[in-house]
Structures are given as structure tokens and as C-alpha cells.
Amino acid sequence: MLKKDELKNSMILKLEMITKEREREMERLWKEFQRVLNLYLRNTEEYRNEYNTLRDQDSSDTKNIQDHYAEVARLSDQIADLRLKLATLKEEHEFNMKQMQKSKAELQLRVANLKQEMELGTRLDQEQLKTLAVYSNDAIKHLQGMLKKVKSIFQIATFCKKYETESEDLLPFVQGALGGGPTARPLPPSSGGSEATSEQGEPTQEPDTTVATVEGSSMEGFKREVFDTAELFENFWMRFNKARIDVACLREEKQQLIERNEQLKAHLKDYLITVNMNSGGPVETHEDLLTKRPTSMKIE
């Protein structure tokens, strides 16, 4: 029992010694560790600061990379949308180009047709212009001939004015004409102007009521001018009809005088033949006398 206690005590003492020794060793190692750690911290402070800086920069770069990845994804989606839009626009452009080419071909065909029509119209206009020039020359010649006839009529009227009776002198050719001769007064200048105004006013594009009013007023004005002109020549037509009646009467009187002249010629021939036979002369001499009379006294 005592041995056991001694052994136990010796073991406890030994264990305490070993424990104290290990504690001292641990204390030394801890101090050594603290010293090495402090030395390490002092030696690696720069590196740690640089590491912290690099770590912060890495975090920032990682965030930027993530942002870039998101931006790349967004831009990729946008590029896909733009490619789709580009394909759609390309199809629309091709369709529009086809339509424009078709329209261009149609316009070229229309231009060619219009050019042919213009050339044909130009030739037709030239031919019509030539025809118009020919007809205008004929009209000028005809009017010149009518002017000569009018001048002749005017001269005859002036000559006949000397032989007019009092009733004819009181009834001039045109109403309102002065007693200077039987010349017809020209038409009032307002008639030509009104007709020109109506002709220029009819083709203008105006409202229907205005066009109807203009046409009605133009027609009324035209009728009034025609009636006024007809009234101006009323005396002329009265004298013209009277002159025709006088001509008919004179023709009838002329026919009567011709018949009377034939009778007188026959009686004169019989008388000359009778006188010649009574005087014993030949009939031929009296025939020569009858044929060789003056023109004013010639008997046919």
C-alpha cells in the first residue's frame, strides 16, 4: 500500500515536473510565436496593404466584369433584335425596290407613249396650222373681195343718194345714222367686248351657281345685242324689201316695154317695106337701112 502511494506520489511529482516543463516550453514557444508573428506582420505589412488594395480592386473588377457580362447580354439581345429588324427591313426594301422598278417601267412606258402622242400631236398641230394658214389666207382673200363689194355698194349708195326721194331720205338705212349718207353704222364696241368677256368667262372654273349666273347674263346680253343690232338694221331691211319690190316692178315694166318695142319694130319694118314698095325701090336697100342704123336707133 505504501509502495503504491509512493509510486503514486512519485508519479504525481513527475507529472507535475513534466507539466511545468511543458508549460515553460509552451510559454517559450508562444513568445517565440508572438515574436515571429510580430516580425512577420512587420515584414509583410506592405504586402498586406498591397493585397488589400488588390483585393478591393479585384472586387471592383469582378463587379465591373459582371456589369460587362450583363451589358454584353443586353447588347446581344439588342443585336438579335436589330438583326431581326434588319432582316425585316431588307425584305421591305426588296419589296419596295421591286415596286419602284415596276413603277419605273410603267412610268417609262407612259413617258414613251406621251412622247409619241406629243410628236403625233405636234405633227397634227403643224398640219392644222398649215390648214389654218391656208383657210385664213382664203378668208382674207374672201374678206378682201367682200370689202371691194362693200366699197362698190357704198359708192353706188352714195351715187344713189342723189336720186333718193323725200320719203327715202327721211328713212335712212340704219336707225340713228346721221344724214351724211346711206352707210350702215358699225356695231357698238360694247358688243364685241361683251362677247369676249362672255367667251373668256365661260371656261373659268367657278361654283355652279356663279357659272349659271354668268352664262345666263351672257346669253341675255347676247340676245339683247342681237335684237339691238337687228333693230338698227330695221330701216335697211325695209328699204331693201322696197328696193326688191321696185326691182320686180321695173322688171315687169321692162318686159312690157320689150314686148312693146318688139311690136314697134314689127310695125316699123312693115311701114318701111310698104314705103319702099310704094316708091318702087328694092326691099334690100331698106333692109340695109334697117341694119345700118345707129346703135341708139338700131332695130334688131
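Analyst: The answers below set computed values against the definitions behind each term. Please note that this is a predicted model.

User: What makes up the secondary structure of the protein?

Analyst: The protein has seven helices and zero strands. From the N terminus on, the order of elements is α-α-α-α-α-α-α.

User: How many of the residues count as buried?

Analyst: The protein has 300 residues, and buried ones make up 7% of them. The term applies under 20% relative accessible area. In helix α6, the buried residues are Asn235, Arg239, Lys265, Leu272 and Asn276.

User: How do you know that the span of helix α6 agrees with its number of residues?

Analyst: Helix α6 covers residues 234-279, which is 46 residues.

User: Which residues does the UniProt annotation "coiled-coil region" cover, and what does the model show for residues 240-274?

Analyst: According to the unreviewed UniProt entry, the annotation covers residues 37-124 and 240-274. In the model, residues 240-274 are 100% helix and 0% strand. The C-alpha atoms at the ends of that span lie 50 Å apart.

User: Why is the contact of Arg28 and Glu25 called a salt bridge?

Analyst: Side chains of opposite charge can pair when their charged atoms come close. The rule asks for a side-chain nitrogen of Lys or Arg within 4 Å of a carboxyl oxygen of Asp or Glu. Arg28 and Glu25 have an N to O distance of 2.2 Å, so the contact qualifies as a salt bridge. Both residues lie in helix α1, three residues apart, about one turn of the helix. Arg28 is partly exposed because its relative accessible area is 43%, and Glu25 is partly exposed at 30%.

User: How many salt bridges are there by this rule, and which residues form the one in helix α2?

Analyst: The count comes to four salt bridges. In helix α2 (residues 45-161), Arg74 and Glu71 lie three residues apart, about one turn of the helix. The closest N and O atoms of Arg74 and Glu71 are 2.2 Å apart, which is within the 4 Å limit. Arg74 has a relative accessible area of 43% and Glu71 has 32%; each residue is therefore partly exposed.

User: What makes the contact of Asp246 and Lys242 a salt bridge?

Analyst: The closest N and O atoms of Asp246 and Lys242 are 3.3 Å apart, and the limit is 4 Å, so the contact counts as a salt bridge. Asp246 and Lys242 are four residues apart in helix α6, which means that about one helical turn separates them. Asp246 is partly exposed at 31% relative accessibility, as is Lys242 at 40%.

User: Why is the pair of Trp30 and Phe33 called tilted?

Analyst: A search of the whole structure finds one aromatic pair. Trp30 and Phe33 form this pair, with 5.6 Å centre to centre and 35° between the planes. Rings pair if their centres lie within 6.5 Å, and planes under 30 degrees apart count as stacked, over 60 as edge-to-face and the rest as tilted. The angle of 35° falls in that remaining range, so the pair is tilted. Trp30 and Phe33 are three residues apart in helix α1 (residues 2-43), so about one helical turn separates them. Trp30 is partly exposed at 49% relative accessible area, and Phe33 is partly exposed at 43%.

User: Why is Phe227 called exposed?

Analyst: Exposed means over 50% relative accessible area. Phe227 has 54%, so the term applies. Phe227 is placed in helix α5 (residues 208-232). Together with Met219, Phe222 and Val226, Phe227 makes a nonpolar surface patch of about 390 Å².

Notes: Residues are numbered from 1 along each chain as its sequence is written. This is a predicted model: local features need pLDDT of at least 70, side-chain atom pairs count only at pLDDT 80 or more; totals for chains, interfaces and linings use all residues. Side-chain values use heavy atoms; hydrogens and water are left out. Patches are made of residues with over 30% relative accessible area and no salt bridge: like charges are joined within 9 Å, nonpolar side chains (Val, Leu, Ile, Met, Phe, Trp, Tyr) within 5 Å. Accessible areas come from the Shrake-Rupley method with a 1.4 Å probe; for residues, only the protein chains shown count as cover. Helices (H or I, at least four residues) and strands (E, at least two) are DSSP runs, numbered from the N terminus. Buried means under 20% relative accessible area, exposed over 50%, partly exposed in between (1.4 Å probe, protein chains only). Rings of Phe, Tyr and Trp (its six-membered ring) pair if their centres lie within 6.5 Å; planes under 30 degrees apart count as stacked, over 60 as edge-to-face and the rest as tilted. The expected span of a helix is 1.5 Å times one less than its number of residues. UniProt positions are given in the numbering used here, feature names are shortened, and annotations may be inferred rather than shown by experiment.
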